[in-house]
Structure formats: C-alpha cells, structure tokens
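Hi everyone, thanks for coming. Please take a look at the picture with me, and then we'll walk through it together.

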Amino acid sequence: MTILRVPEDGAVSSDEELSGGDEILQDGKQICEDRDLKDRLLRKFGSGISSLKLEFSKKKKKGKLPREARQALLDWWSVHYKWPYPTEGDKIALADATGLDQKQINNWFINQRKRHWNQSENMPYA
C-alpha cells in the first residue's frame, strides 16, 4: 500500500503519487477492449449461441410426464398390478408407445410401486 504525503502547499510531485490517474485510464481502456472483444465474439459466434440457447430451452424440464404417457403407464400398471415389474421388452414397448426413455419408465415404476403398491397383500406366500 502506498501512502501519499501531500506537502502543505497541496502540490503532488512524485511519479509514484501520480500513478493513480494512469491506473484509471488503463482501467477505462481495458473496459473498452473487453467490450470490443465481446462484440467481435458475438458477431462471429452469435448465431451458434442462439441455436444453442434454443436447443437447451427445448430440452424437457423436470416435472410431470405428459398425460398420455402417464395414462399408458397406468394402463399397464392396472393390468399387471399383482406383479408390476415390466420386462425389458415391456419397457421398450412402453418407451415406444409413450415417447419416454427407459430411465423415465424405470423411475416411474419405482415411484409407483413405492407409493401405490402394497406387496404383502399381493403375495400369497409372504
């Protein structure tokens, strides 16, 4: 840290004491250079950035599955309520019918069994 000592007449004379103004000019120049660089990058890559923004905004958000997909899964569930564990073939068919991926199908069945299936009343030997 530099301590400025100002003579009683108020005049500042040393080079070290005058450097504060240079720093302000350099900061302003750096800001202008940063803006210029940003503008050049936006001109060069702006269309690519826009298409990426559009692609990311189209990605499915977390939340509820589409009504038709839920209904198809519930239909399968009601038919197979006693043993609601779909085979890999069932999962592929459900994925094709609903437009969901297999991970979504797996998660839906895991949650559905936890929330709505009482295994002990469906298992005669349990």
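In which helix does Asp 39 lie? Asp 39 is part of helix α1, residues 15-58; helices here are DSSP runs of H or I with at least four residues, numbered from the N terminus.

A quick word on the source. This is a predicted model, where local features need pLDDT of at least 70, side-chain atom pairs count only at pLDDT 80 or more, and totals for chains, interfaces and linings use all residues. Residues are numbered from 1 along each chain as its sequence is written, and side-chain values use heavy atoms, with hydrogens and water left out.

Back to Asp 39: its relative accessibility is 38%, so Asp 39 counts as partly exposed (buried is under 20% relative accessible area, exposed over 50%, partly exposed in between, with a 1.4 Å probe and protein chains only).

Now, the aromatic rings. The structure has 7 aromatic pairs; rings of Phe, Tyr and Trp (its six-membered ring) pair if their centres lie within 6.5 Å, and planes under 30 degrees apart count as stacked, over 60 as edge-to-face and the rest as tilted. One of them joins Trp 83 and Tyr 85, a tilted pair with 4.6 Å centre to centre and 40° between the planes. Trp 83 also pairs with Trp 117: the centres are 6.1 Å apart and the planes at 75°, so this pair is edge-to-face. That pair links distant parts of the chain, 34 residues apart. Trp 83 sits in the loop between α2 (67-79) and α3 (88-98), and Trp 117 in the loop between α4 (102-116) and α5 (119-122).

Are these two buried or partly exposed? Trp 83 is partly exposed because its relative accessibility is 47%, while Trp 117, at 9%, is buried.

Methods:
Helices (H or I, at least four residues) and strands (E, at least two) are DSSP runs, numbered from the N terminus.
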